[in-house]
Structures are given as structure tokens and as C-alpha cells.
Amino acid sequence: MHRLRQYNIGPTYGTLTINKAPLTVTADNATMVYGAAIPALTATYTGFKNGETKSTSDLTGEIQISTTATSISAIGNYPITISGAGLTSANYSINYVPGTLSVTKATIVVKANDQQKTYGQANPSLTYSFSGFLPGDDESVISGIPSVTTTATQSS
């Protein structure tokens with residue numbers, strides 16, 4: 001006697017839930033020299049599936065990237081913030097990661113000024129000049145005094 005004959009066998013359907021895949025949008029770190037323009041702020045996307053890219057995925061909307069730094073911000077690190085501003089996707093759960101903008105020192109050139117002397121005479125006073133200051137800055141932003149020397153002597 002087969003017990004299977006005592007039961008009705010029929011399919012029971014389950015539900016397959018497909019969750020959104022995580023997608024991370026990271027503000028790229030950047031560097032600028034004090035006094036220069038803020039560089040273009042960009043972002044990197046990681047986590048696309050099935051060979052998709054930003055342009056081939058179902059992403060809609062735009063990201064917003066900004067920083068509190070300005071061209072005359074003091075030397076240091078400033079946050080680069082990133083947000084979705086309406087960036088949406090049916091297939092991806094979007095996470096935003098901030099970056100850092102590093103403001104580095106500008107270069108000031110100290111140049112020993114050219115001098116002339118006649119053989120047998122004492123060396124002239126050695127002087128120097130600066131270049132590379134940003135508008136509104138002058139020698140007052142420098143501490144210390146450059147030392148200018150020469151190997152020339154009176155009998156050179």
C-alpha cells in the first residue's frame with residue numbers, strides 16, 4: 001500500500017524578495033594651493049552590478065558636491081560634502097561618503113638680486129626680492145629675514 005495516494009500534492013509558491021544593492025557615492029579628495037581657484041569637485045561610484053555604470057544604470061537626478069573652503073581659506077583640511085539632491089534608483093540603495101579638500105601653502109620665491117662690482121672694490125650690499133604674493137599679501141606674511149651671502153671677495 002502506498003501512502004502517497006492518501007495525499008494531494010500541489011505546489012506552494014513562495015515569494016522571492018529582491019533588495020536594492022548598495023551603491024556608494026564618494027566625494028573624491030582634492031588638493032589646492034592657497035590663493036588658487038577651488039578645483040573641480042568630483043565623485044566616484046562603487047557598487048554597480050551586472051556591468052552597469054552611472055550612465056547605464058537606472059540612476060536619476062544629480063549629486064551635489066560642495067566645500068566650505070574658498071580660494072583664500074587658511075592652510076588646512078576642509079570637508080567636501082556630497083548629497084543626492086534627488087538622486088534615486090529602483091535598484092540601488094545610495095550611500096554618500098564625504099571627502100577632504102587640502103589647502104596647501106603657496107610658493108613665494110626669494111631671489112638674490114644681481115649685483116656688480118669693480119675688481120678691487122668691496123662687495124656691494126647684497127639684497128633680495130620676493131615674488132609670488134597673492135593680491136593683498138606682502139612681506140608682512142613672512143616671518144624671519146633671508147640671509148644673502150656670496151663667495152666673492154674684494155680681490156675676486
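1. Is L41 buried, exposed or partly exposed? With a relative accessible area of 21%, L41 is partly exposed. The cut-off decides the label: buried means under 20%, so L41 at 21% falls in the partly exposed class. L41 sits in the loop between β2 and β3. Beyond its neighbours within four places in sequence, L41 contacts I65, S66, T67 and I80. L41 and D138 are 97 residues apart in sequence. Their C-alpha atoms are 30 Å apart in space.

2. Confidence comes next. This is a predicted model. The protein chain has a mean pLDDT of 90. In that chain, 97% of residues reach 70 or more. Confidence is highest in strand β7 (residues 99–104), with a mean of 97. Strand β9 (residues 128–131) is given as the lowest, at a mean of 90.

3. The fold is built from strands. The protein chain has nine strands and zero helices. Read from the N terminus, the order is β-β-β-β-β-β-β-β-β. Take the contacts between residues at least 6 apart in sequence: 57% of them join residues at least 24 apart.

4. The protein chain has a radius of gyration of 33 Å. A compact globule of 156 residues would have one near 15 Å. Along the principal axes, the C-alpha atoms fill a box of roughly 130 × 35 × 25 Å. Of the 156 residues, 16% count as buried.

5. There is a nonpolar core to inspect. The largest one has 18 residues. L23, Y45, F48, L59, I63 and L101 have the most contacts inside it. Strands β1 (21–27), β2 (30–33), β5 and β7 each supply at least two residues of this core. The largest share comes from β1, with four residues. As background, nonpolar side chains tend to be buried together in soluble globular proteins.

6. L101 is one of the core residues with the most contacts. Which residues does L101 touch, not counting those up to four places away in sequence? The list holds A30, T31, M32, I38, P39, T67, A69, G76, N77, Y78 and I80.

7. T67 is found in strand β4 (residues 64–67). Its side chain reaches the backbone oxygen of P79 at 2.9 Å. A polar atom of the T67 side chain also lies 3.3 Å from the backbone nitrogen of A69. Leaving out residues up to four places away in sequence, T67 touches I38, L41, Y78, P79, I80 and L101.

8. Where is S89 placed? The loop between β5 (76–83) and β6 (92–97) holds S89. S89 counts as buried because its relative accessibility is 9%. Its side chain makes a polar contact of 2.6 Å with the side chain of D58. A polar atom of the S89 side chain lies 3.0 Å from the backbone nitrogen of Y92. Residues up to four places away in sequence aside, S89 touches K20, D58, L59 and I94.

9. How many salt bridges are counted? The count comes to one. The side chains of K111 and D114 form it, at 4.0 Å from N to O. Check that distance against the rule: the pair counts because the cut-off is within 4 Å. K111 is partly exposed, with a relative accessible area of 42%. D114 is exposed, at 70% relative accessibility. In general, side chains of opposite charge can pair when their charged atoms come close.

10. N50 is not a glycine, yet its phi is positive, at about 55°. N50 lies in the loop between β3 (43–46) and β4. At 79% relative accessibility, N50 counts as exposed.

Note on methods
Residues are numbered from 1 along each chain as its sequence is written. This is a predicted model: local features need pLDDT of at least 70, side-chain atom pairs count only at pLDDT 80 or more; totals for chains, interfaces and linings use all residues. Side-chain values use heavy atoms; hydrogens and water are left out. Buried means under 20% relative accessible area, exposed over 50%, partly exposed in between (1.4 Å probe, protein chains only). A polar contact is a pair of N or O atoms within 3.5 Å; within protein, one must be able to donate a hydrogen and the other to accept it, and residues adjacent in sequence count only if both atoms are side-chain atoms. Contact means heavy atoms within 4.5 Å. pLDDT is the predictor's confidence in each residue, from 0 to 100. A nonpolar core is a set of buried Ala, Val, Leu, Ile, Met, Phe, Trp, Tyr and Cys residues joined through side-chain atoms within 4.5 Å. The radius of gyration is taken over C-alpha atoms; the globule rule is 2.2 Å times the number of residues to the power 0.38.
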